[in-house]
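Let's walk through this model together, one question at a time. Have the sequence and the 3D view at hand as you read.

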Amino acid sequence: MTETSMTNVPASGDGLGSGIDSTAQVAVTGLTIDGPAGVVVAPFDFSIAPGETLALIGESGSGKTLSAKAIAGLLPAGFTARGTIELASATIELPATDAVWRATRGRRISLLLQDPFTSLSPVHRCGTQIGMTIDAASATRLSREERTARITQSLAEVNLPADVARAYPHELSGGMRQRVAIAAALATDPELLIADEPTTALDASNQGEILDLLRGLQEKRGMAALLISHDLGMVRGRAEHVLVMRHGEIVERGVTSSVLNAPSHPYTRALIEADPSLTDRSAGVVRMASGVGMTAAVADADSAIGDLVTATDITKSFGDKTVLHGVSVTVGRGETVGIVGESGSGKTTIARCIAGLEHETSGVIEFDGVALAAGRASRTPKQMQIVFQDPYSSLNPMISVGRSLKLALRVAGRPASDLNGLLQLVELPTDFASKRPAELSGGQRQRVAIARALAVQPELLICDESVSALDVSVQKQILDLLAKLRVELGLSILFISHDLAVVRQLADRVYVLRYGEVVESGQCHDVLNAPTHPYTQALVAASIHEAPTH
Amino acid sequence: MTTTPIARASQARSLGRMLVVRVLGTIGILLVLSIIVFSMLHLAPGDIVKNLLGNRASSPEAIAAIRAQYNLDQPLYMQYLIWLGNTLTGDFGQSIRLQDSVSNVIGSRLGITAALSGLAFLLAVIVAVPLGVQSAVRSGSWIDRFATGFGIVGLSAPTFAVGLLLLYTFAFYLPIFPVYGSGDGGLDTLWHLILPAITLALGLGAIILKLTRTAMLRELESDYVTFGRARGLPDRQVHLIALRNAAIPIVTGASLVLTFLVGGTVLAETTFALPGLGTLLQGSVLFKDIAVVQALTLLVAVTIAIIALLADLAYIFLDPRIRAKESAQ
């Protein structure tokens, strides 16, 4: 592989620090993005050789997605880009006119978005959507047969059968949808593919597959790729070079392995430390540091006292579709139990049955030894509370944080004066009471959601993918908070996640769910270090693939 | 998972079952409505016989004839069943005011109202949907400002005022269109209906415009629009994809305003002196011509029920996700 001119030193702010390789497929110089309130992304340069991948790493708000959109000419209103994009076939001076972008987008540069659940139109068949790209790029009008043949070929390239063309996006799994999106994005044979967090919305076992698929297609076509991600672990072995961006500035750049093994900037180091898949394997230091390791012992002692919740042989059907086949789950007092599975495994349904948000078709749920009838009516708020995945939609945007929490306190019959204590419990400053959810970051909102759940002092806290929507470093903070709360309040936690690495950090025991059945369960440590079921082995292998080999 | 031919066949079967359920539900609602409409006869203030006699001389023979005609000696449920039976066979009784069978009276005016409503709806959709799309696509431009202004005027201007204004401008000062009446059929009738249709379409169009603009703005924000542009689809195609997705809220809204249109024709028909159902309803209510009012109420109810049914079916046609959910139940 040709060595590009990028060196393992922080970029100089003026963007002239790195020269451009003459063999590059894509060379971007002086890319700058101006927002309504001044410069949001400081000038930076990069180049990508044919068939190679450059990873752009940063947390949300770092400017990485804006950079991607700037290169695809899709900046939102109010933002403008400056700089030069040199492709093998054309040079684009930014800002470019609509006519220039029309000739560029699709044919030369294509952008793949994060969420395959929203990036395809839900009311058009997958084949139609791929066909649209083919039509847009071809100079002549294609006949029906030609188009169908091209669509089938595009689908075959992403390892999908031809009949997917007839399917609507909602009939496909997340991984299949992202394959369809890749087929649509690449149907025009672009020189540069920008992939903006292409696997963040997918399950662990799909993530690696999609990235490897992209890698293969890229090598086959000699296409350059810009991979945008918040996940440093993900890019190991999948990108030749990496740029780390923070607050709109490149803080570190270099060859991927050397950046990962010897990060020179403190921010890169922090990112690596915060990444669960990268750190946890280094002898559980994080567990001890966050106090979870210690409480695991406490929980072991506590669990002798008895079980708080036992769900026995739960079956749940929606119409003639059965999503749970006799699932049994137990949560002991003070215990943290993880349920791991992919989307569609039934992990959220079992949590919702326990919370009374779904009516189980059959089975018994006991709380504290007393059987609960299905549904919300048989449960009291003090028994259990649930924290949902998306802190952006679970808080009422119209009322202040303080009012949300006071309402919750009133339900519990607690005085409004407990508000400050509640905010302190989740480590938020007390002046947050007057803020509205829109003024808070994702992590802060999730803290508020946790505080609201804890206002009624529940015995069981159900966390349904509660950290999945957050950046890794924020994720870690929330996990640490949960670990702390668990010790301070003696909480039992049922923790639902698709992410093995996250569950590993918090849970004492773990259940692995697949197609509505528990395929494996036991002490977290045992299950994850010596998985017996092939599916668990595959999941563990997938999560290890992302981690470095120390 | 991709759907296999077997899955598709069972989906089609359950769709058929769902269709039957929807139609049966609509029939149930209409039966309940028919009871209410029937009881109008008994709930109308004053003596039933006197109401039914109208301004005819009240001789004992006339009263006996009325009692026999309306089966007033029978128990109430028999009266209803007989009335329902007659209604279902198209016999709505006699109009006291017009001395003709109700079905004849309504039949002779239905065409005008149907043509007027249809024309107004067509005009509203043809103008408002493209304008709404353009105003969303070019949000903030002069076309958007024009559309917004048009929307406010259309929503706030009362139908009769718009009608009068149009009459003054395009029939009196600029004698392009006729002032009143329904013409001699065919193209002449169409010519006569244009001003009243515009009058009605203005309010309707304003609502459809607002709905289209809002729905399009939301769809244009979505990821699949960005992704469409990112892979080089022409703007026109991207807008069509967005419009196809926005069609679901637009159809809901349009079906709601269409039901509103059924009542709105009264004002337009009065202003333009059109002999349609609106003027008939107005006259019959004033005259306590109960048989006609009953028949018209039922007709409006049936129309609205059919529109609602069509809107429901349109969702299933427009949104494959609803189709999947419906057939899973």
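Q: How many helices and strands does chain A have?
A: Keep in mind that this is a predicted model. Of the 550 residues of chain A, 57% count as buried. Its secondary structure comes to 20 helices and 20 strands.

Q: What is the mean pLDDT of chain A, and where is it below 50?
A: The mean for chain A is 82, with 89% of its residues at 70 or more. One stretch with pLDDT below 50 has 47 contacts beyond near neighbours in sequence, and this is residues 1–21 of chain A. Another has 33 such contacts in the model, and this is residues 279–304 of chain A. Where pLDDT is low, the predicted coordinates should not be read in detail.

Q: What share of the residues in chain B is buried?
A: Chain B is built with 13 helices and 2 strands. Among its contacts between residues at least 6 apart in sequence, 72% join residues at least 24 apart. Of the 329 residues in chain B, the buried share is 41%.

Q: How much area do chain A and chain B bury between them?
A: The interface brings 39 residues of chain A into contact with 27 residues of chain B. On the side of chain A, Val123(A), Met132(A) and Glu171(A) lose the most area to chain B, together 20% of what that side buries. Carbon and sulfur atoms carry 58% of the buried area, and the total is about 2600 Å².

Q: Which helices and strand of chain A each supply at least two residues of the side that touches chain B?
A: Across this interface, 7 residue pairs are in polar contact. By class, the side of chain A that touches chain B has 18 nonpolar, 12 polar and 9 charged residues. The elements asked for are strand S6 (109–112), helix H3 (126–137) and helix H5 (174–186) of chain A.

Q: Is Gly181(B) buried or exposed?
A: Gly181(B) sits in the loop between helix H7 (159–173) and helix H8 (187–220) of chain B. Beyond its neighbours within four places in sequence, Gly181(B) is in contact with His192(B), Phe272(B), Ala273(B) and Leu274(B). Phe272(B) is 91 residues away from Gly181(B) in sequence, yet their C-alpha atoms are 6.7 Å apart. Because its relative accessibility is 16%, and the cut-off is under 20%, Gly181(B) counts as buried.

Q: Why does Ser255(B) count as buried, and which backbone oxygen does its side chain reach?
A: Ser255(B) belongs to helix H10 (residues 235–271) of chain B. Leaving aside neighbours within four places in sequence, Ser255(B) is in contact with Ile307(B) and Ala311(B). Ser255(B) counts as buried because its relative accessibility is 15%, with the cut-off at under 20%. At 2.7 Å, its side chain reaches the backbone oxygen of Thr252(B).

Definitions and conventions: Residues are numbered from 1 along each chain as its sequence is written. Chains are lettered from A and ligands numbered from 1 in the order in which they are written. This is a predicted model: local features need pLDDT of at least 70, side-chain atom pairs count only at pLDDT 80 or more; totals for chains, interfaces and linings use all residues. Side-chain values use heavy atoms; hydrogens and water are left out. Contact means heavy atoms within 4.5 Å. Buried area is the accessible area (1.4 Å probe) that two parts lose on being put together, summed over both. A polar contact is a pair of N or O atoms within 3.5 Å; within protein, one must be able to donate a hydrogen and the other to accept it, and residues adjacent in sequence count only if both atoms are side-chain atoms. Helices (H or I, at least four residues) and strands (E, at least two) are DSSP runs, numbered from the N terminus. Ala, Val, Leu, Ile, Met, Phe, Trp, Tyr, Cys and Pro count as nonpolar, Asp, Glu, Lys and Arg as charged, and the others, Gly among them, as polar. Buried means under 20% relative accessible area, exposed over 50%, partly exposed in between (1.4 Å probe, protein chains only). pLDDT is the predictor's confidence in each residue, from 0 to 100.
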